[in-house]
Amino acid sequence: MEQTTVQGQSNLVREVLEKGICVRCGACVGICPYFQYHDGKVVVSDWCQTSTWRCVQVCPRLPYDRASLYDYFYHVNDCTDAIGPHRQVVAARSGDKLVRSAAQYGGVVTALVIFAMEEGLVNSAVLTDRGGDLAPKGVLCSDREAVLGCAGSRYSASAALSELNLAIQAGNDRLAFIGLPCQMEALGRLSLSEPDGQERAGHVELKIGLFCTWALDYRALRSYLKTKGIVEIPKKYDIPPPPSEVFIVETNNGRMEFPLSEVREIVQPGCSVCEDMTAEFADISVGTLEGDKQWNTVIVRTDKGMELFEKALRAGVLEQKEIPSSNLEHLKEAASNKRKRALRARGEESNE
Ligand SMILES: Cc1cc2nc3c(=O)[nH]c(=O)nc-3n(C[C@H](O)[C@H](O)[C@H](O)COP(=O)(O)OP(=O)(O)OC[C@H]3O[C@@H](n4cnc5c(N)ncnc54)[C@H](O)[C@@H]3O)c2cc1C
């Protein structure tokens with residue numbers, strides 16, 4: 001089966017890195033020794049001489065037949081629902097105040113990862129750390145404290161798939177991966193890639209996706225914050241839903257708000273061609289609940305996701321409530337708009 005029209009490492013370099021549309025998902029790093037992730041950038045250390053082209057097969061910025069992913073994961077050829085195939089959409093939050101206080105919003109992601117570990121569904125999980133001297137990056141976590149230490153959103157990409165690739169190579173099994181829609185797509189492509197993608201992807205037992213409209217270029221973000229006098233690692237970032245139009249940064253010195261219009265200038269160019277807002281190839285996708293920051297919107301997609309979610313509810317690890325229909329409408333509208341923008345940017349749909 002032909003997966004993509006572009007083959008070979010040099011083509012990936014030309015079509016993705018040189019065009020500036022790499023989204024730093026990390027899928028090519030670790031799967032090939034000649035790609036590395038350093039401080040917010042994917043760099044090439046040498047030319048690859050093999051003909052497996054694993055990097056090309058997994059890169060979410062290269063053309064791909066999306067229908068093959070729908071078919072593989074959901075046994076359908078297409079999906080007309082703007083938020084992708086799913087079993088249910090609800091509002092939920094962690095039942096544990098401590099988790100909620102550490103988390104970005106309702107703490108569903110953190111709570112589910114800890115629960116999946118405690119229940120033995122997974123041995124460990126690849127999450128995104130807070131960053132230090134260098135950009136946030138993927139980190140392998142095996143206990144509650146480590147997972148809690150990763151709670152919260154860093155609005156720049158972290159190449160966490162590189163850490164997943166390394167964890168798989170080191171023989172780790174029954175892994176969870178938490179990531180953005182581009183990373184879920186890359187993991188999906190990995191499942192369908194030759195020569196050993198299915199085997200590699202089989203080490204991942206649970207995929208939790210985050211909603212994402214775009215991610216920032218880390219180095220540009222660091223420079224931007226510097227111009228605002230922020231040089232320490234922020235404690236928390238937030239982008240409240242429209243119409244607020246602000247980017248919030250919390251540090252030890254307090255909370256500051258900046259115009260979102262300024263921050264949009266440093267969005268990764270590669271995000272403009274991404275058509276997925278809700279991480280359609282995850283078992284469970286999680287985002288904010290518009291109008292109530294103490295809760296999450298949760299899309300449960302697969303049987304495995306449903307089983308874990310229901311078990312977590314029964315154990316009191318999660319609480320749920322019905323999602324207001326207006327929230328669901330807004331979510332679908334936002335997801336549909338992201339798809340339209342991406343198709344236009346890719347020249348696959350005329351302007352409307
Ligand atoms: C770049 C980005 C853009 C987003 N855009 C939207 C949006 O447009 N609409 C929306 O509803 N929600 C968006 N989210 C998701 C939202 O910010 C929360 O992550 C989500 O609602 C889960 O909330 P929670 O309270 O369960 O998270 P928590 O329990 O705090 O868990 C958050 C998890 O996210 C992981 N994480 C943090 N930063 C990153 C990163 N850069 N890459 C990958 N994983 C990371 C952490 O490892 C942690 O496990 C975005 C998140 C990111 C990182």
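Modeller: Happy to; we will look at the ligand, then the salt bridges, then the cysteines. Please keep in mind that this is a predicted model.

Biologist: Let's start with the ligand. How many residues surround the ligand, and which are the closest?

Modeller: The shell holds 30 residues, and the closest are Y105, T110, S153, S156 and T213. By kind, the shell divides into 15 nonpolar, 14 polar and 1 charged.

Biologist: Which polar atoms of T110, R154 and F211 lie by the ligand?

Modeller: T110 brings a polar side-chain atom to 2.6 Å from an oxygen atom of the ligand. With R154 it is a polar backbone atom, 2.7 Å from a ligand nitrogen. As for cover, the ligand taken alone exposes 900 Å², and the protein buries 96% of that. Elements giving two or more residues to the shell are α5 (108–118), β4 (124–128) and β11 (284–288).

Biologist: Now the salt bridges. What is the general idea?

Modeller: Side chains of opposite charge can pair when their charged atoms come close. A search of the whole structure finds 28 salt bridges. One of them joins D217 and R24, with the closest N and O atoms 3.4 Å apart. That pair links distant parts of the chain, 193 residues apart: D217 sits in the loop between β7 (204–210) and α10 (218–227), and R24 in the loop between α1 (9–17) and β1 (35–38).

Biologist: Are D217 and R24 buried or exposed?

Modeller: Both are buried. Another salt bridge brings K304 and E205 together at 3.7 Å, N to O. K304 belongs to helix α12 (residues 303–314) and E205 to strand β7, so this pair ties together parts 99 residues apart in sequence. K304 is partly exposed, at 33% relative accessible area.

Biologist: Which residues are linked in a network of salt bridges?

Modeller: The network links R66, E185, R189, E275, D276, E280, R339, R346 and E348.

Biologist: And the cysteines: how many disulfides does a search of the whole structure find?

Modeller: The search finds 0 disulfides. For C28, the nearest cysteine sulfur is that of C22, 6.3 Å away, whereas a disulfide needs two sulfur atoms within 2.5 Å. C59 is in no disulfide either, the nearest cysteine sulfur being that of C25, at 6.3 Å. C28 is buried, with a relative accessible area of 11%, and C59 counts as buried at 9%.

Technical notes. Residues numbered from 1 in each chain as written. Predicted model: local features only at pLDDT ≥ 70, side-chain atom pairs only at ≥ 80, totals over all residues. Heavy atoms only, no water. Buried < 20%, exposed > 50% of the residue type's maximum accessible area, 1.4 Å probe, protein only. Near = heavy atom within 4 Å. Polar contact = N/O pair within 3.5 Å; in protein donor to acceptor, adjacent residues only side chain to side chain. Areas by Shrake-Rupley, 256 points an atom, 1.4 Å probe, with all protein chains shown as cover. Helix = DSSP H or I, 4+ residues; strand = E, 2+ residues; numbered from the N terminus. Nonpolar A, V, L, I, M, F, W, Y, C, P; charged D, E, K, R; others polar. Salt bridge = Lys/Arg side-chain N within 4 Å of Asp/Glu carboxyl O.
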